[in-house]
Amino acid sequence: MDDIADERPRGAAAEEPDEPQEEEDFIEVETKPKFSAFVAGSRASLAIEIDAHYGEIEFPVCSVQSPRTVYLPDPDDPLVRRVRSMKTEREAVKTVEKWGFSPGYNDGDLRLYITDPQKVLNFLGAGLPALRRKGWRIDLADKLMELTDAMPSVVPVVTVRDAPGGAFDVSYTFDAMGHDVSPVEIQAALNRGDGYIMKDGAVVLLDNSAIESMHDVFRDCAPSQNAAARNRDSGAKFEPVALGPLDNVLRPYQKQGVYWMRFLENAGLSGLLADEMGLGKTLQTLTWLSLPHSSTQLPSLIVCPTSLVRNWEAEAKKFTPWLKVLVVSGPDRAEVFGAIDSADVVVTSYALLQRDFEDAYLGHKFSAVVLDEAQHIKNRQTKNAKAVKMLESDRRLVLTGTPVENSVADVWSIFDFLMPDYLGDYETFKANFEEPIADGGAAGEEAQARLKRKLHPFIMRRLKKTVAKDLPDKIVKVSYCPMSEDAQREYNEALAKTRRQAGDAIREKGFAKSKFEILAMLMKLRQISSRAKLEAFLEQLESAIEGGHKILVFSQFVKMLGAIAEELKDRGVPFCYLDGSTKDRLGECNRFNRSPEIPVFLISLMAGGTGLNLTGADMVIHYDPWWNPAVEDQATDRAHRIGQKKTVYVMKMIASGSIEEKVLALQRRKQAVISATVSTTDDAVMERLTADDLASLLA
């Protein structure tokens with residue numbers, strides 16, 4: 001082996017004594033290195049040296065290094081330091097050993113060796129390209145480079161021909177640089193696992209994994225799995241389209257999303273918009289639905305969770321007021337069934353769609369059907385999934401804020417709605433993808449790669465960090481949560497009682513002397529409103545957690561925080577908690593910032609609205625509105641402050657048809673007056689309220 005190593009002598013890294021660990025207030029997170037390798041040798045034997053690269057830091061894999069050799073700042077989180085991953089380095093060594101390499105016999109020699117001529121040829125034919133596809137940089141010694149250049153390689157040649165009906169035929173042959181190699185010979189080598197074949201006394205290198213992948217692509221394109229994905233318009237192009245009044249509203253990446261939807265529509269295909277929460281999936285969809293279409297006379301149908309019905313209505317009113325939007329919701333919804341065909345956009349919930357299907361939707365055809373929060377149909381056997389798949393439409397679109405392609409058990413049902421038969425029947429999908437991926441190993445990785453390849457053209461996903469230049473540093477959205485029928489009834493009764501009591505108090509004492517008595521009455525109304533939206537809140541929180549967000553939840557009601565905490569315990573969701581009784585405030589904050597596995601921090605607005613650094617969070621939810629929005633802003637700034645490099649998404653949850661909506665309107669109407677209040681207490685804000693303000697709150 002010495003003659004191999006002499007081509008490029010490189011001694012093993014010297015052992016260095018461990019440096020004393022500094023007591024830093026940072027979270028240590030392993031980071032995966034990139035790899036490079038230097039290969040030297042001949043047809044008889046090879047030596048390989050592997051280096052790990054952590055940014056500008058480079059050293060031999062699995063070599064002894066000081067613990068602080070790799071201790072890098074994280075560009076997205078000032079509280080994190082990226083450290084070396086020995087696990088990933090050991091996996092790199094195992095990857096090379098799979099191709100026949102083994103360690104040498106000398107202590108401190110970090111090189112690996114092959115001394116079997118057959119294994120040498122397998123590595124040169126299949127191993128080298130496989131490592132390069134993994135992103136490794138591979139350099140060859142001069143003599144080895146000359147050797148491989150002299151060996152011909154098999155190259156697949158794919159031919160595409162037009163076929164009747166706008167379809168096309170695809171076939172392939174093999175070119176071995178002048179050598180006549182048949183598919184039978186290649187298949188025999190694949191069956192043996194060889195990376196080469198002998199032809200006319202010469203070695204012909206064979207990239208067997210690439211050829212197997214090509215075979216998989218052709219298997220995946222079997223007609224039985226792709227009837228729904230045929231390109232019905234060969235002239236479809238991905239190009240800008242006129243967006244009308246919304247051209248100056250949408251950000252550049254949002255325009256790209258609309259162009260993509262239009263492209264799929266023109267190609268006769270469907271798609272899944274999986275942008276991260278807060279990037280404007282609703283706005284992009286409404287823009288797409290507002291464009292002229294061949295079936296403009298038909299309405300579009302949006303199906304979403306109950307908690308989002310009013311949000312769609314509010315967003316449409318704000319951005320596309322020229323569209324006639326019909327909301328099918330509430331106990332009296334049957335009265336509007338007859339107006340469905342005359343609407344531009346119909347909005348309903350999954351729960352109501354299945355109940356109303358025969359009376360309202362059976363026999364109707366829609367221009368488009370849009371499903372928001374796709375996870376609601378992830379189980380193919382639920383009533384939700386079965387109902388939406390019976391809807392008739394020209395176009396289909398699914399929205400989600402979570403990476404659907406990673407949820408193998410769910411993806412079949414979602415694509416069965418988008419493009420039936422594209423992934424085959426469920427049993428075939430289960431055998432080809434779900435079970436191999438669940439089993440793991442090389443077969444699982446290969447099945448995962450094939451699945452992503454099939455899904456990629458029909459999924460668009462952008463993250464905040466990839467479109468950061470197009471975003472403000474804080475995105476604020478109001479989420480309107482409908483109350484249940486029982487909660488609405490309880491609220492209406494309490495509202496009527498409050499009106500009577502407030503009127504009596506004012507007549508007896510006058511408005512000025514009754515303010516604080518009335519404040520207590522209003523507080524009870526707000527507490528009823530707060531309880532009424534718990535289910536809607538948990539629904540949206542679940543989506544945020546699935547999307548990988550770290551979330552601060554603020555409420556002014558400690559009892560409400562306690563109720564949320566109990567719900568999270570029942571669901572097995574880890575969380576941190578802080579209210580006025582919390583002794584170790586800093587310890588609880590550090591636990592949240594340093595623990596990626598804890599996604600939620602429940603915080604009392606007054607106890608935790610100031611003095612905390614929680615830049616580990618990228619999302620803030622205000623469970624209930626405060627009289628003074630300045631208090632909410634102070635709480636938001638626990639995450640949105642110096643050191644935060646992510647865009648912070650802020651959601652204000654408002655119970656529809658309640659005093660919370662009136663508080664929000666009051667904030668907007670009297671922003672300057674309220675903000676000028678020196679104190680942020682209820683009492684101080686109440687001092688500035690007029691009789692007209694009270695009338696609007698109780699209207």
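Student: Which residue forms a salt bridge with arginine 571, and how far apart are the closest N and O atoms?

Tutor: Glutamate 567 is the partner, and the closest N and O atoms are 3.6 Å apart. A salt bridge here needs a side-chain nitrogen of Lys or Arg within 4 Å of a carboxyl oxygen of Asp or Glu. Keep in mind that this is a predicted model, where local features need pLDDT of at least 70 and side-chain atom pairs count only at pLDDT 80 or more, while totals for chains, interfaces and linings use all residues. Residues are numbered from 1 along each chain as its sequence is written, and side-chain values use heavy atoms, leaving out hydrogens and water.

Student: Okay! Where do arginine 571 and glutamate 567 lie?

Tutor: Both belong to helix 19 (residues 558–571), where they sit 4 residues apart, about one turn of the helix. Helices are DSSP runs of H or I with at least four residues, strands are runs of E with at least two, and both are numbered from the N terminus.

Student: How many salt bridges does a search of the whole structure find?

Tutor: It finds 23. Another one joins the side chains of arginine 507 and aspartate 504, at 2.5 Å from N to O. These two are 3 residues apart in helix 16 (residues 485–509), so about one helical turn separates them. Arginine 507 is exposed, with 64% relative accessibility, whereas aspartate 504 is partly exposed at 44%.

Student: What about lysine 652, which residue does it pair with?

Tutor: Lysine 652 forms a salt bridge with glutamate 632, and their closest N and O atoms are 3.0 Å apart. Lysine 652 is in strand 26 (residues 648–655) and glutamate 632 in helix 22 (residues 629–636), so this pair ties together parts 20 residues apart in sequence. Lysine 652 and glutamate 632 are both buried.

Student: Which residues are linked in a network of salt bridges?

Tutor: Arg262, Glu265 and Arg395 are linked that way.

Student: Changing topic: how many helices and strands are there in the chain?

Tutor: The protein chain has 26 helices and 26 strands. Of its 699 residues, 52% are buried.

Student: Can you show me a buried one? Say, where does threonine 285 lie?

Tutor: Threonine 285 is part of helix 9 (residues 281–290). With a relative accessible area of 0%, threonine 285 is buried. Leaving aside residues up to four places away in sequence, threonine 285 touches Met261, Trp312, Val370, Leu397 and Leu399. Touching, or contact, means heavy atoms within 4.5 Å.

Student: And how does helix 9 cross helix 10?

Tutor: The axes of helix 9 and helix 10 (residues 309–319) come within 10 Å, crossing at roughly 60°. That makes the two helices oblique to each other. For angles, under 35 degrees is roughly parallel, over 145 roughly antiparallel, 65 to 115 roughly perpendicular, and the rest oblique. Axes are lines fitted to C-alpha atoms, for helices over the stretch in contact, with angles from 0 to 180 degrees between N-to-C directions.

Student: Which residues meet there?

Tutor: From helix 9 come Thr282, Leu283, Thr285 and Leu286, and they meet Trp312, Glu315, Ala316 and Phe319 of helix 10.

Student: One more pair: how do helix 14 and helix 15 cross?

Tutor: Helix 14 (residues 426–439) and helix 15 (residues 441–455) have axes that come within 7 Å and cross at roughly 130°. They are therefore oblique to each other.

Terms used. Buried means under 20% relative accessible area, exposed over 50%, partly exposed in between (1.4 Å probe, protein chains only).
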